[in-house]
Amino acid sequence: MLNFTYYTPTKVVFGRNAEAQTANLVREFGGKKLLIHYGGGSVIRSGLLQRITDSLDEAGISYVTLGGVVPNPRLSLVYQGIDLCKTNHVDFILAVGGGSVIDSAKAIGYGVVSEGDVWDFYDYKRKAEGCLPVGVVLTIAATGSEMSASSVITKEEGLVKRGYSSDFARPKFAVMNPELTMTLPDYQTACGCTDILMHTMERYFNGSGTMELTDALAEGLLRTVMENARILVKDPKNYDARAEIMWAGSLSHNGLTGCGSDGGDWATHKLEHEIGGLFDVAHGAGLAAIWGSWARYVYKDCLPRFVKFAVNVMGEKRPDAQADCQAGNAKDGGQAGSAKDDGWSGSATADETLALRGIEDMEEFFREIKMPTNLRELGVDATDGQLAEMARKCAEGVGGCVGSAKKLREEDMLAIYRASR
């Protein structure tokens, strides 16, 4: 177990009609002139935006609005938001929507209080020294951005997608009403569930080991999301399942499931960022499409964790240890691997078989919820040149290498992209 600092300053108001408290929360955190930031027409059609503005009007809180956020939020809109906030002396940003809206709001917040180009932060040229306060009314359970320090922005020029993290941008409050997610298309719900799973797995598959309690929390979260995602396939209006997924989304990305580790792997996310940047695919679907190829490429270097995942999350059964060891002795001269952190010791071959079954089980789950498991199923027909371009951009974006389960460099990234076709 490694030393860690756990910091989660976001106030959460959760449950039916929670959005009715938005104006009071804005006032509590000092907001006097707001930018209301949102995406497309769904928050208008549902009446949510009107309910929020009515409550702000009643509370005497002034605001300006900026819609138009799209999946893989664009830098150009961030620039518009920065100018709008500066012109109108905005002192608080209210993000009404999902992760893309929240990420865009955070980027605007950085830009309002900073001189120079906000993209410098996402291009790792400078570090943020502040951010305009951000509050959230969440409408999509997916990214966990409502409680996290991170945001991801796409720069249209060059189709570059980059993430930046700073505690300055952690939202002051997050309003979460699971009913607000009931109008989502099934595909978007599935993408959200996948993103939640991946935020947890990125931390789980690490090379440093972790705390048993942290592992148990992560494993329980993964099982819970999978169980309730299956429920939502059949019953999209199930409030309890929506609530489980929504709360899991926040806990998956607020740092809880990484306590005691080196912070996690994050290679799958970095690989997907280049897919999303070049082909503008849904983030969760892109993660599902690349994960299996990444997992098969790295599992031998992180074998105990993959064995533990197969058993504790995917429900695979361990073979009889004694019988397996005897078989291993007869087959390979007694050289045995060990799933060190779950207490079971089997042959290397048995460990690898178990790990691969766990990977296959997760891919089968993705298919259950209609998520892709390769680029072809994602609808991406990438050329060799495009794969090489993504690998090059990914390597540049991470400073040469990324990963904890296994360190990946450009040639490794290209091999994973090729295997995912």
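**Helices α7 and α10**

The axes of α7 (residues 186-204) and α10 (residues 267-279) cross at roughly 135° and come within 9 Å. In contact (heavy atoms within 4.5 Å) are Asp 195, Met 198, His 199 and Glu 202 of α7 with Ala 267, Thr 268 and His 269 of α10.

**The model**

This is a predicted model, in which local features need pLDDT of at least 70 and side-chain atom pairs count only at pLDDT 80 or more, while totals for chains, interfaces and linings use all residues. Residues are numbered from 1 along each chain, and side-chain values use heavy atoms, without hydrogens and water.

The protein chain has a mean pLDDT (the predictor's confidence in each residue, from 0 to 100) of 93. Over residues 321-344, pLDDT stays under 50.

**Helix α11**

α11 covers residues 283-298, with its end C-alpha atoms 22 Å apart. A kink of about 35° is centred on Trp 291. Of the 16 residues in α11, 14 are buried (under 20% relative accessible area).

**Two loop residues**

Asn 17, in the loop between β1 and α1, has a positive phi near 60°. Tyr 124 lies in the loop between α6 and β5, and its phi is also positive, near 60°.

Technical notes: Helix = DSSP H or I, 4+ residues; strand = E, 2+ residues; numbered from the N terminus. Expected span 1.5 Å × (residues − 1). Bend = angle between axes of the 7 residues up to and from the residue. Buried < 20%, exposed > 50% of the residue type's maximum accessible area, 1.4 Å probe, protein only. Axes fitted to C-alpha atoms, helices over the stretch in contact; angles between N-to-C directions.
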